[in-house]
Amino acid sequence: MSIKFEAVIGLEVHCQLATREKLFCGCPTDFGAPINRNTCPICLGMPGVLPVLNEQAVDMAIRAGLALGCEIRERSVFSRKHYFYPDLPKGYQITQYERPILERGGLSIELEDGQRRVIGLTRIHMEEDAGKSIHMDTGATLIDLNRAGHPLIEIVSEPELRSAVEAVAYLKALHEVVRYLGICDGNMDEGSFRCDANVSVRPVGRAAFGTRTEIKNMNTFRGVQRAIDHEILRHIDVIEGGGVIVQETRLWDEAAGRTRTMRSKEDAHDYRYFPEPDLPHLIISTARIESLRATQAELPLAMRERFVRDYGLSAYDAGVLTGEPSLVAYFEAAVVAHPNPKGICNWLTSELLGRVDAAKVPTSNVSPGALARLVALIDDETINGKIAKTVFEKMLSTGMSPDAVVDADGLRQVKDGGAVELVVQQVIDANPNQVSQYRSGKLGLKGFLVGQCMKVSGGKLNPSVVNDTLDRLLGPPATGG
Amino acid sequence: MSNALTDYSLCALRDALDRREVLAVDVAQAYLDRVSAHDPVIRAYLTVDAEGALQRASEIDSNRAAGGPLGPLAGVPIALKDIFLTKGLRTTCASRILEHFVPPYDATVVTRLREAGAVILGKLNMDEFAMGSSTENSAFQQTKNPWDTTRTPGGSSGGSSAALAAQLCAGTLGTDTGGSIRQPAALCGVVGLKPTYGRVSRFGVIAFASSLDQVGPMGWTVRDAAALHEVIAGFDPQDSTSSDRPVPTGHSRTPVGGRLDGVRVGVPTEYFPETGLTPDVRLKVTEAIGKLRALGAEIVPVSLPHSPYAVATYYVIATAEASSNLARFDGVRYGHRAKADDLLSLYLRSRGEGFGMEVKRRIMLGTFALSAGYYDAYYGKAGQIQTLIRRDFEQAFERCDVIATPTSPSTAFRLGERTEDPMQMYLADIFTISCNLAGLPGLSLPCGFDADGLPIGLQLLGRAFDESMLFRVGCAFEDSTDHHVRRPPSLQTGGVVTGQEAQS
Amino acid sequence: MSSARALFEDKATVRKIAILARLELDDPTLELLGRQLGDILGYVDQLNAVDTSGVEPTVFAGETTRFRPDDLRIRLAPGASLDNAPDHSSGAFRVPKVI
């Protein structure tokens, strides 16, 4: 007989805030600068320097708090957290400890069965990032401090997640929120969005938590899922084998597919926190909160519901569009220019997204206005759907407006009865065999004749006018033959 | 006349330069000559920047000749405690760990002095990282007290006080965390002001204890200190703890012979203990208080009951913050790096070799005070007692406008006398520490000499941001005494010129 | 907390703090420092006599939250961040291996 276990998981997520400057100095935050180029005496931890707080970072943290329903502390405190490491220039990290800026929030996640659950957030605090250590094969370590001092928020969840799948759902929902707010680019490769997991297991039905381990070094959603799954099984194996779980920090080894010990509880740092004497308390006024609230970006969940309700889109299409913040603005701009949301959505999701990465849609050759105009040209029958694809190709490759393409290539649809009749008569004359077969009852050949008309005209004829004209000129076919 | 250029007080020199009676290059050269002649004995300077000083002085002279804009200290030769970062000029904090450190930027106060036209002669000795009361903790040299070269000049700004007393600069800046401006000023017979916490920017000043450190001026006279204070004080966007309150101005031009009618001078009983205060200090400070009464002040007894806890409170808070502030000296990005094959050894050895004994002692104490399980009992408790000490002063200042005490319980002690007993050394700061814990301004000025001819300092403490009151009382006292113009006989100076003589 | 002095009589405690503070100390120094720190903490223990219940610790860092103005930056010339570096390579600070 075996005991059934359940996992208890809490996540700590570090989001690099998308500010222009670092948290405590004016150095730029752009990724990819030459080594140590984005540094100054302050982020190098030179003697005599003092930190001065970045207002934009504070506003971004408050935005996160508003979106996640946190209590915003009127007075929060920065502290120093001490440990020696070469990528930590001052020998301490400026962070928030006893009184963080944000506490007690919640994040709604969607489970596999479509149910929603709110995961509690313990706290969100502001802190500065460390630099990067590059370990060389020679044994030496190289230190690049470009990243040192980047603003971060650390979002700490309650231990309310029960599986790796739930953990990933939480992480994806959080990822979406911070990207929607425009406070984090969410780039996991570049480390802008990082996650550590606290994992323990306990027999189902028991209230007390088991001993937990902390897992670090998970760089993809998939990695998070695999690492947590692995760790849960490892815990169960150890316990079922009569062993005990040791409280420790473990590193996820993506290639090996397992976690391994990084440091034990006995080696845990004594961080010697104390309030940062170089920074006044951070006092946040109601006016600041209200002005941020008034300009707060809409969150993805609310936006999806609005897209279904107001634009009549399917839940699936709404999901595709709102899955990427850059598509939302594009879509809504196009709808303003031509209020056919479904038509625009179809062209955006099936054609444009088929050719261009979602993130690059706003900077592609096809502007929202141009796409809207293309759909408008279809809707007013200036061109038909087939021609529209040709027009779209050219728009995408050249950046021309749809009207310019239509005019330049003479693609305007022909609806005039006389002009259509000329083409139809020409096709009837050129295909006597097919015409007689049709008249004797082979009705399927009508499609062939329509096709010929379109081919001869370069696709420009209005299909329904062609149909009507053919019917009229061919006369009724024999029936029952 | 027998007066040399190096006999002019800062204000007198400023005025003579303004009137074009003297040239800045001549003044700078006179000081450099005097440094060459006397500093081999006094040993106040760690770095002399003769070239930079002369170049700057000649720029000032050219500017003046051309009628260009000139700052309020144009051509005045200043020296700086080696704790202030000077761009391109070695800054050591008197520590092996920074022996070859050349800063890439200027401290805000250095920028302000430069903009005011000051000529920077060089950098002055101090206790390593400002930790000490005798300048014996310098890693490089022992500065002597010009009044008696077998004695300490005080500390940690002992290079500053000695350089002033020996007329090796016209004015200087120090830093004061627990008395490091006022105590050496007292022991060398010069004036030192620790301004209110937040009054002067700390940006570019190597930190000892961030919540207690304050930059302040030191000079021959109260007016000299006021002239420097006016230039360096005021809000700095690079120091979030600096205050934007208006800076008192004009005190360097206070008319001679001011009275103190209506001023209430508080005298705290706790600062005149039965033991631990030498008889000469008690006598001279008591006489000074009598002088204030004679000038019209009302003397009121006050009590600062938590004073006995100040030294203990201070040594917890200051060392805790120091252990944190000195963590950056790790041999990775700058400073001394020991030979080591692995990272942990690199840290242990670089810091082990780079820091002196007193610095290590304080880092150890501070690290312990912040460590897991002890924080509340030490750092937390000390912070609470700091509040009680601050409240004592708030209550006292309801009854008086300024508090008068001795600056130091004794005059200059002999070199080596207290180096073996750190606790004895710490108690030298017993009268200066509370002022830092309460964040208040404090001024030390000469008020007489003991039987050995060693100077004694009177300390005046004021309300937060009320440096004006200290300048007012200090000027009135100074105008009615001559302690500040006396000089060690061995120096054979021509007699100090303060510019106030003609008026008095 | 009268145990603080006793604590510092144990050389292992002193050594532990020295490692936490990253200070290499030889044995005689460890012993001397242990004794001196014990004395100092013995003196500090007088603070326990003060009733501080309900007293907030002092904060001097200013009552006003300050934010950094635009363009407040000390710009270093390219490569100047390494000017005081004891060892560097390819633009990076170099340290020996982490064990």
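Residues are numbered from 1 along each chain as its sequence is written, and chains are lettered from A in the order in which they are written. Because the model is predicted, local features need pLDDT of at least 70 and side-chain atom pairs count only at pLDDT 80 or more, while totals for chains, interfaces and linings use all residues.

**Chains A and C**

The contact between these chains takes 32 residues from chain A and 29 residues from chain C; two residues are in contact if their C-beta atoms, placed from the backbone, lie within 7 Å. On the side of chain C that touches chain A, strand β2 (residues 92-95) gives the most, with 4 residues. Strands (E, at least two residues) and helices (H or I, at least four) are DSSP runs, numbered from the N terminus. That side of chain C has 14 nonpolar, 7 polar and 8 charged residues. Here Ala, Val, Leu, Ile, Met, Phe, Trp, Tyr, Cys and Pro count as nonpolar, Asp, Glu, Lys and Arg as charged, and the others, Gly among them, as polar.

**Strand pairing**

Two strands pair if DSSP finds at least two bridges between them.

| Strands | Bridges | Residue pair |
|---|---|---|
| β9 (141-144) of chain A and β2(C) | 3 bridges | Thr141(A) and Val95(C) |

Within chain A, an open sheet of 3 strands has the order β5-β4-β15, with antiparallel pairing. Strands β5 (92-95) and β15 (274-275) of chain A each have a single partner strand and stand at the edges, so one side of each is left without a neighbour in the sheet.

**Domains of chain A**

Chain A is divided into domain 1 (5-288), domain 2 (298-409) and domain 3 (417-474); the bounds come from an automatic or database domain assignment. The C-alpha centres of domains 1 and 2 of chain A lie 38 Å apart. In chain A, 6 residues of domain 1 are in contact with 4 residues of domain 2. Helix α2 (residues 164-180) of chain A gives the most to the domain 1 side, with 4 residues. By class, that side has 3 nonpolar, 1 polar and 2 charged residues.

**Helix α10 of chain B**

Helix α10 (residues 343-354) of chain B has 12 residues and should span 16 Å at 1.5 Å a residue, which agrees with the 16 Å between its end C-alpha atoms. The expected span is 1.5 Å times one less than the number of residues. Buried residues of α10(B) include Leu346(B), Tyr347(B) and Arg351(B); a residue is buried if 20 or more other C-beta atoms lie within 10 Å of its own. The buried residues of α10(B) pack against β2 of chain C.

Conventions. A residue is buried if 20 or more other C-beta atoms lie within 10 Å of its own, exposed if 12 or fewer, and partly exposed in between; C-beta atoms are placed from the backbone.
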